Amino acid sequence: MEMKIVCLVNVLLLFVGLLPAKSQVTLDTTHLYHERYRPQYHFSPQEGWIGDPCGLMYYKGKFHMYWWGKVESSDLVHYKQIKSNVMEGAGPNIGYFTGSALIDKNNTAGFGKGAYIAAYTVFEKDSKKQAQGISFSHDGKTFHYYPGNPVIDIGSKEFRDPTVFWYEPTKKWVMVVAKALEKKVKFYTSPDLKHWTWVSDFGPAGDSEKSWECPDLFQLPVDGNPLKKKWVLVVSVNWLKEQYFIGDFDGTTFKLEENHPKDPLYIDEGLDFYASRTFRDYDSTLKSVISMGWVSTWDYAQQVPSTYGKGFWSIPRVLELKTYKGEGLRLTQRPIDGLQTLRYQPVTVNHSVDVGVQTIPGFAPKENVYEVDASFSTNVSNVFGFNLCVGNGRKLVISYDTDSHNLVIDRTHCTDASIPKFSRMAFHQVNPVNDKIRLHIFVDKSSVEIFTNDGKDVFSLLTYPGETQTGIELFALKGGTQMSLKAWMLKSIW
């Protein structure tokens, strides 16, 4: 069984690492960004494959994002693709796997003050070995392969996805990198990005069933107090989800906070959110910690029916730590406020939800590019929710049970395409807040992201409905549920 898993991972990672600059699909520029299933306010590349976010940073007033192609943004709402491939200099036997990027402000590596450095997994195609390497750039657009690569090599085929950041108290660089099938995160430190010393391991813990990948480590204030912070370690697990740990980090070792739950804490309870990373702020001006993730799952990432290529990234999310009675600290996520600039044709509805299925007065989208922010009372026993992407006998069902507190998203009969392993449901217990449940929903051409209450529970799912499946409906099994709803159509960013 282990050999089968190893082989599967190597095959999957081959597609991540090679990240082609061009796909086999001929680009039709007359329909660019308007292709069927193309997201209209999520970032997707002009063409070709996109997987894990590989280097998110804020520098010189811009957000820089890599998948070893590059995109820039001034507001994380509108995007400008810079290049489809920024890497050069490696031999034909080398593939660039997932990693991160940084600014070497003090020239610790000797490539120049303010050099861009990419840290990533060096994949040897013949041996399948995975090691860690770096490339440098003076403009952030073309990265040159460091001839001394790899900078860390432990002779492993399951050693990948480094995140590198500067730890000011020790004046050293820190690398967190996954030992995938051992379900461990390894910690290394370096004064110069070239010479690394192993200092500790973390794991297994939480969800350690199959694999760990794509670790990230960052600080967040507790309950909005900038003087009280905790570290959050995020790892992608089992090629389909992400979990997080809350604790302390001293530059060498990550330790869980006291009374940390043994059961896993998941970043996203949906079916399609993976490999997220946070933006590193090299201008020291960002007021929030922001992350983006890959909206997909390895079960069908290569079989989705998009024609421009495969894959896109989530809407940017602001991360916070909040204390919950009886639970302790939990991670919350909310969509960035900048998305509100895309709103038009607002609709407001306040009334009790009738028994049965009904439309929303004044809101009949002609395309699946919209936002709904709805709150429902939960003090009356009921099952209620939304049908989205309705048409041609298909729909996506979002239902909430006030007795069990279960939120269920069923996409079994949503897509008009044939996608192997796609017909699944997501469900999770979401507790009301002050006898209300809030569902903040973002619908794009081929996805739905749902932020519940204050973002403690988030659900991201691919949908791929047909072009005429644009209906939205309310439903309730019983009467007595009060609803307050606002909805907007959203402009295309393209």
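Colleague: In which sense do S8 and S9 pair, and over how many bridges?

Modeller: Two strands are said to pair if DSSP finds at least two bridges between them. Strands are DSSP runs of E, at least two residues long, and helices are runs of H or I of at least four, both numbered from the N terminus. Here S8 and S9 are joined by eight bridges and are antiparallel. One example is Tyr116, whose bridge partner in S9 is Ser137. This is a predicted model in which local features need pLDDT of at least 70 and side-chain atom pairs count only at pLDDT 80 or more, while totals for chains, interfaces and linings use all residues. Residues are numbered from 1 along each chain as its sequence is written, and side-chain values use heavy atoms, with hydrogens and water left out.

Colleague: Which residue takes a positive phi in the hairpin of S8 and S9?

Modeller: Lys128 does, with phi near 65°, in a hairpin that has five residues between the strands. The hairpin of S9 and S10 has five residues between its strands as well, and there Gly140 takes a positive phi near 75°.

Colleague: How many residues of S9 are buried?

Modeller: Buried means under 20% relative accessible area, exposed means over 50%, and partly exposed lies in between, for a 1.4 Å probe and protein chains only. In S9 (residues 130-137), eight of the eight residues are buried, so the strand is largely enclosed by the rest of the structure. In a regular strand the side chains alternate between the two faces of the sheet. For S9 both faces are covered: Gln130, Gln132, Ile134 and Phe136 are buried on one side, and Ala131, Gly133, Ser135 and Ser137 on the other.

Colleague: Which strands stand at the edges of the five-stranded open sheet?

Modeller: The order in that sheet is S5-S4-S3-S2-S22, with mixed pairing. S5 (80-83) and S22 stand at the edges with a single partner strand each, so one side of each has no neighbour in the sheet. S22 runs parallel to S2 (residues 57-59), and two bridges join them. Met57 stands opposite Arg280 in S22.

Colleague: Where does Arg280 lie relative to the largest pocket?

Modeller: Rolling a probe the size of a water molecule over the atoms shows where empty space is left. A pocket is an open set of points on a 1 Å grid over the protein atoms alone, where a 1.4 Å probe fits, with protein on both sides within 12 Å along at least five of seven lines; its lining residues have an atom within 4 Å of a point. Points are joined across faces, edges and corners, and the volume is the space filled by probe spheres set on them. The largest pocket holds about 1100 Å³. Its lining has 35 residues, and Arg280 is among those nearest the centre, with Gln219, Lys229, Phe279 and Asp281. Elements that give two or more residues to this lining include S16 (212-222), S17 (225-237) and S22 (280-281).

Colleague: How many aromatic pairs does the structure hold?

Modeller: A pair of aromatic rings is described by the distance of the centres and the angle of the planes. Rings of Phe, Tyr and Trp (its six-membered ring) pair if their centres lie within 6.5 Å; planes under 30 degrees apart are stacked, over 60 edge-to-face, and the rest tilted. The structure holds 41 such pairs. One of them is Trp68 with Tyr120, edge-to-face at 6.1 Å centre to centre and 75° between the planes. This pair links distant parts of the chain, 52 residues apart: Trp68 is in the loop between S3 (62-66) and S4 (70-73), and Tyr120 is in S8 (residues 115-124). Trp68 is buried at 3% relative accessible area, and Tyr120 is buried at 0%.
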